[in-house]
Amino acid sequence: MGQIELNNVDYKYQPDTPFEATALQAINFTVETGSYTALIGHTGSGKSTLIQLIDGLIKPTSGEVTVVDHHSTATSNSKDLDQLRKNVGIVFQFPESQLFEETVLKDIAFGPKNFGKTDAEATAIAKKSMALVGLTEDFAEKSPFDLSGGQMRRVAIAGVLALEPEILILDEPTAGLDASGQAQIMNLFKQLNVEQGITIILVTHNMEDVAKYANQVYVLNHGAIVKSGTPREIFANQQWLMENYLTVPVTTRVAQKLIDKGYSFDEFPLTVAELSQKLIPKLKGEQ
Amino acid sequence: MIEVKNITYSYPNSDSKALNDLSVTIQDQQWIALVGHNGSGKSTIARVIDGLVEGYQGEVTVNGMPLNDDTVWDIRDQIGFVFQNPDNQFVGATVQDDVAFGLENRNVPRPEMVERVQQALEVVGMSEFATREPSSLSGGQKQRVALAGAIALQPKILILDEATSMLDPQGRQEMLEILKQMKQRFELTIIMITHDLSETAMADRVLLMNHGQLVADAQPEKLFARTQVIKDNGLELPYSEQLKEQLAVAGIDLPREYMNEDRMVEWLWDKLN
Amino acid sequence: MFTKVIFGRYVPIDSVIHRLDPRSKLVLSLYFIVLVFFANNWQSYAFLAATTLATILLTKVQLKFFWEGIRPLIFIIILTVLLQIVFSAGGTVYWHWGIFSITSMGLVNGVYVFMRFFLIICMSTVLTLTTPPLLIADAVESLMKPLLKIKVPVYEIALMLSIALRFIPTLMDETQKIMNAQRARGVNFSSGSLIKRVKSIVPILIPLFISAFNRAEDLATAMESRGYRGGDHRSKFRILKWRGADTIACVGMAAITAGLFLLRLL
């Protein structure tokens, strides 16, 4: 039994109307405590519906969602759904659109206060979260709307970390940031995963990030899970990914080209670091 | 030809200079990639050229016309502009209405308008979506409609301000393919703003900006080899340079010039045998 | 949340009514609403009900949707009907208490008021279910054109209307996203005291306004770069076409009028 379990879950939009549409069908999905799971699939494949189910923002049309020891089914009421949310934090796409308070500190403290923390407790947590995302104390009293895009993103992420979630869901968390901003934020999440054992679910189009960080991958297509496995298993089948309009990490593509020429790897490399480690001894042997 | 001479500009309520004495000349039918990290001034200069920014110092000349209040609309007639956010530039209620918007503004007679809308939609492969509403389109499709809207005006210059940054990889790839075809077919000058160096490979010239100034002006392959300059200006190295960097640390001798992915594979294969 | 709102939403299917020019649909439904007030006996109401039913059947839209269209208003209709019943006098008195009474005339009036409401809502629902909002805006623009003579900025109003319609789904999506983000941060919209609930709207409204302003700014820039300089001297891509079917619809409405006035004489 994983920390998150989806058991034969279906989700339909606007059921019983002419606008009815199936978003997810027959989903079976397991995430273990402390794991780093990537959810990939092209736009409209059902990824965002899936994460909303895990956070109890919507309930399944049929089947059962279990998060830690709380459940949601088609008959759950809003109180049951609220329970799911206690363990989960979501960083939505372009999360800076959730900012609304007068100061950075107040905005970050907003979540913990809603979940019953006192003002003092919430402020303390907020300060800790600011430090985590690399915002210095002089940002505390600034208006979030006077900050740069990258800084606003950090404030929004700190606002989610302040919920002290056991499970952190990230929906394209680096979209729109430049290279250095992307690297900093992705490293932060990896650090939370390794040092604090926070379970991470990453929704992304960026296969380099999947290769670099995830230890489990689910591939969604037309609302169904079509493949799952470790990144190495998923990316080994380049042909299949291309047919499903998904890309592979550049390293994988380069390694495949070498394989096509007749080279063989003992284990398929996924990142630049892995590829160079494998090649260096061979290249040196030649020299 | 676009001539930008000694442009300096600060945004209202800002002390720092978004553009700092920037000068650059862009020849006809060049494909220019304008790169830099967020806040480097790359979008600002594009907006200056289209007359969308007021209160700067310096001079802009587009195809021999100095940019001022009298010429701004004539200059805009020659420039198609596609912005970053697919939703926030979609004016029409349906795809064909949106493509027609610029033509309506120029008082193009309806029979000609209908024809040009159809043609433009064909160019971007959106003909079958002509009557669809924006809410039923993906981001990539909306950006293709924006491209059609620009190309329907038969501009000489096309400016894309991070037009692919909010798209998924598939949408991004499709946009780049369409751009390549358009450049050929309509003999366009293209200015493409991006912070992703992998999108600049097809450019004739890459302009790297930082702090409102031009830091580098070179062909893509020449620039890619200047790894320190790329890193110092907050951009990610192209893949083969990342790999070279790792191999160099281990003491392996590497060619100095930039190699694209296939050449890199060739080189590795040669060395490995 | 918003996905449940179906009231009056355009149903994209093909029917005789869908294909009519929005101007004739708009004018004829307004005309019909006025006509309803001329019905004065059960025969004339039955006649109008029959024509309404025939129109509804012609739209090929499921009857369920008309019911969905009426349901949100049902409370107001019932209240009005009840007031009509207890406050009108005349005929046989069945029950009375103080100023309230139920009389035969009251009951008849109640039924008539109900019919009036019902027919008006049905006809306006026919209009909205068979005509995309944009075409209704076009019809309004076209019908307002004479006002150009008295310096009403008809084209600007029309463009505003069309942009507003185009952005409704975008902003509804945005609202849903912001609500999700705030619910994920522990905001509860469905429980707690009234004050608490009103307060919980603030974290939605502020981001929504900011986003709407940002979008408006982007849109204004995009429109300017595409050569928009204001109302005059613009050609029009979207044109409305009056067809034979529209003339037939008008003739049909004239026949209904004649029928109604004949029945009034009974």
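Between chain A and chain C of this predicted model, seven residue pairs, both members at pLDDT 80 or more, are in polar contact, a term that denotes a pair of N or O atoms within 3.5 Å, of which, within protein, one must be able to donate a hydrogen and the other to accept it, while residues adjacent in sequence count only if both atoms are side-chain atoms. One salt bridge (a side-chain nitrogen of Lys or Arg within 4 Å of a carboxyl oxygen of Asp or Glu) is counted between the two chains; it joins C:Arg185 to A:Asp107, with the closest N and O atoms 3.1 Å apart.

On the side of chain A that touches chain C, helix H2 (78-85) and helix H3 (104-114) each supply at least two residues, helices being DSSP runs of H or I with at least four residues, numbered from the N terminus. H3(A) gives the largest share of that side, four residues. The residues of this side divide into ten nonpolar, ten polar and five charged, where Asp, Glu, Lys and Arg count as charged, Ala, Val, Leu, Ile, Met, Phe, Trp, Tyr, Cys and Pro as nonpolar, and the others, Gly among them, as polar.

In total, 25 residues of chain A are in contact (heavy atoms within 4.5 Å) with 23 residues of chain C. Residues are numbered from 1 along each chain as its sequence is written, and chains are lettered from A in the order in which they are written. Local features need pLDDT of at least 70, whereas totals for chains, interfaces and linings use all residues, and side-chain values use heavy atoms, with hydrogens and water left out.
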